[in-house]
Amino acid sequence: MLTVNAIAATSATDPLVRTTIERRDLGPRDVLIEIRYAGICHSDIHTVRGEWGTVPYPLTVGHEIVGRVAEVGAEVGKHAVGDRVGVGCMVNSCRECENCRSGQEQYCLGGNTGTYASVDRDGTITQGGYSTHVVVDEDFVLRVPETIPYASAAPLLCAGITTYSPLSHWNAGPGKKVAVVGLGGLGHMAVKIAAAMGAEVTVLSQTLGKKDDGLAFGAEHYYATSDPATFETLANAFDLIINTVSAPIDMAAYLRLLRLDGTLVSVGAPPQPLPVPVFALFGNRRSFAGSSIGGIAETQEMLDFCAERGIAPEVEVIDAAAVNDAYERVLSSDVRYRFVIDIDSLR
Ligand SMILES: [Zn+2]
Ligand SMILES: [Zn+2]
């Protein structure tokens, strides 16, 4: 066992604290990663505050991880010591079900093993990336191209793949009109990726406060959803809407923005159900869908795509000591656009 520095939640209400956690001994197919940066995802906050169910405290969260390979098990063939690598939202799956066999491990029928708060194969609870090291099976370790700025690479492992996967699945590209609802951590990546895929991108945000940013990220249009005229102007306009907001939205109003055979995909996760009026689906044969991260092969494809196109998340790098303040700022939408913890501050 390796004892490493980490930040952990001890209850739903107390601030995160500095502590140590244990990492398992390296198995033959395991990779030991010296973590360099870890992104702060809204899911981390939902989880530690108990908003998504019972939490096995103490818990270290973090599923946007980049670092270097420090050691490899005897049978590891995909990664070598010194490689720049990443780990996202899952660290294992059954590998036998039809979804795993088709490269969609995120939809493993037995449930994938989450990077934190999941029961691992050895019965322990997985601990995430707000720590100096992690041990992960080589099949769930991604190659992070050196051309992606180091700190910026971390949020690709969740925010990047969460938006890339539905944009790719629903064929965002030239001739397609894509709207992105919300310009936060997920939304700003959806804009950059959809624009890089060649789609005509519109941002739908509560106000015009981040309009300059949205246009700089590649959007061609930017509308305030607080203005009712927006929903008249944009009626029947979009092939695809990516909803990144994790609070309830007026589903009828947004569905009516879809043109024939258009799809609204939710990647934000409000804790309460979203009422969907069926008549809004009848018009234009519209669809309402969800999407969850992406498979391992698709995550690698996303990293390579971002490296080729020179796109990366906008990040604010913080020390480990600032993580509790950062959580408050995420909750008040005061971040442009993702906090990333400099893990050197934990050593
Ligand atoms: Zn996440
Ligand atoms: Zn499976």
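Tutor: T60 is buried, because its relative accessibility is 0% (buried means under 20% relative accessible area, exposed over 50%, partly exposed in between, with a 1.4 Å probe and protein chains only). The model is predicted: local features need pLDDT of at least 70, side-chain atom pairs count only at pLDDT 80 or more, and totals for chains, interfaces and linings use all residues. Residues are numbered from 1 along each chain as its sequence is written, chains are lettered from A and ligands numbered from 1 in the order in which they are written, and side-chain values use heavy atoms, with hydrogens and water left out.

T60 sits in the loop between α1 and β4 (helices are DSSP runs of H or I, at least four residues, and strands of E, at least two, numbered from the N terminus). Its side chain reaches the backbone oxygen of I7 at 3.0 Å. Beyond neighbours within four places in sequence, T60 contacts A6, I7, A8, I21, Y116, Q127, G128 and Y130 (contact means heavy atoms within 4.5 Å).

H63 lies in the loop between α1 (42–48) and β4 (65–72), and C158 in the loop between α3 (150–153) and α4, so the pair ties together parts 95 residues apart in sequence. H63 is buried, at 8% relative accessible area. C158 is buried too, at 6%.

Terms used: Polar contact = N/O pair within 3.5 Å; in protein donor to acceptor, adjacent residues only side chain to side chain.
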